[in-house]
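Please keep the sequence and the model at hand while reading.

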Amino acid sequence: MPLEDPADLGWENGFEALYWFAPDKKCAKGCANGKPSWVTTNDNINFTNRGEIQAQKRDFPPEFFAAEWYGKIAIKEGGEYEFSTRSDDGSRLSINGKKVVDNWGLHGMVTKTGTLALNKGYHDIFIEYF
């Protein structure tokens, strides 16, 4: 179901980004629990390598971190849409609470896709990564 314009709901442009750092290296299946180590806003979610993620913050760890992104996407015309994640280790993408891409687990670089029919309007998007 389409949502109202995000600006009317108090949302700003970009995606709310929550990051968890696990210096004890206990993040084998995701470490997104408890209070985030860092919260920011990302204009987009298209990091092509770990270095681009780390460049956001001076003490960002090279490994053993997790992230969640929340935001809205605008669909200008209703129809079937394909979404994908490409990640080294786990990633999942949900639209309006429905899991569309499940690329979870410990693995090398893998791309997975999923499709979903969406009506014109704004929709919630949620992405998880570790």
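## Loops and backbone

Asn96 sits in the loop between β5 and β6. Helices (H or I, at least four residues) and strands (E, at least two) are DSSP runs, numbered from the N terminus. The model is predicted: local features need pLDDT of at least 70, side-chain atom pairs count only at pLDDT 80 or more, and totals for chains, interfaces and linings use all residues. Residues are numbered from 1 along each chain as its sequence is written, and side-chain values use heavy atoms, with hydrogens and water left out.

Asn96 is not a glycine, yet its phi is positive, at about 50°. Asp89 is not a glycine either, and its phi is positive at about 90°. Asp89 belongs to the loop between β4 (79–88) and β5.

| Residue | Relative accessibility | Class |
|---|---|---|
| Asp89 | 22% | partly exposed |
| Asn96 | 31% | partly exposed |
| Gly51 | 38% | partly exposed |

Gly51 is part of helix α1. Its C-alpha atom lies 9.9 Å from that of Pro61, ten residues apart along the chain.

## Overall layout

The chain holds one helix and eight strands. Their order from the N terminus is β-β-α-β-β-β-β-β-β. The chain has 130 residues, and 37% of them are buried.

Among contacts with a separation of 6 or more, 64% join residues 24 or more positions apart. The accessible surface is about 8,000 Å², and carbon and sulfur atoms hold 46% of that area. Such areas come from the Shrake-Rupley method with a 1.4 Å probe; for residues, only the protein chains shown count as cover.

How many of the eleven residues of β3 are buried? Nine are, and the strand is mostly covered. Two strands pair if DSSP finds at least two bridges between them. β3 runs antiparallel to β1, with six bridges joining them. In this pairing, Glu16 stands opposite Tyr70 of β3. β3 also pairs with β8, again antiparallel, over nine bridges. There, Lys72 has Asp124 of β8 as its bridge partner.

## Nonpolar cores

A nonpolar core is a set of buried Ala, Val, Leu, Ile, Met, Phe, Trp, Tyr and Cys residues joined through side-chain atoms within 4.5 Å. The largest has 22 residues, and Tyr19, Trp69, Phe83, Leu93 and Ile95 touch the most other members. At least two residues come from each of β1 (15–21), β3 (65–75), β5 (91–95), β6 (98–103), β7 (109–118) and β8 (121–129). β3 gives the most, with five residues.

Which residues does Leu93 touch, not counting residues up to four places away in sequence? The list is Phe83, Ser84, Thr85, Lys98, Lys99, Val100, Val101, Ile125, Phe126 and Ile127. A second, separate core has six residues, including Leu18, Trp20, Ala22 and Cys31.

## Aromatic pairs

A pair of aromatic rings is described by the distance of the centres and the angle of the planes. Rings of Phe, Tyr and Trp (its six-membered ring) pair if their centres lie within 6.5 Å; planes under 30 degrees apart count as stacked, over 60 as edge-to-face and the rest as tilted. The chain has ten such pairs.

The ring centres of Tyr19 and Trp69 are 6.0 Å apart with planes at 90°, so this pair is edge-to-face. Tyr19 is in β1 and Trp69 in β3, 50 residues apart, so distant parts of the chain are linked. Tyr19 and Trp69 are buried.

The ring centres of Trp38 and Phe60 are 6.3 Å apart with planes at 85°, so this pair is edge-to-face. Trp38 lies in strand β2 (residues 38–42), and Phe60 in the loop between α1 (50–54) and β3, 22 residues apart. Trp38 and Phe60 are buried.

Ring pairs join Tyr19, Phe21, Trp38, Phe47, Phe60, Phe65, Trp69 and Tyr129 into a cluster.

A charge sits over a ring if NZ of Lys or CZ of Arg is within 6 Å of the ring centre and within 35 degrees of the ring normal. Arg92 lies over the face of Trp104, 3.7 Å from the ring centre.

How values were computed. Buried < 20%, exposed > 50% of the residue type's maximum accessible area, 1.4 Å probe, protein only. Contact = heavy atoms within 4.5 Å.
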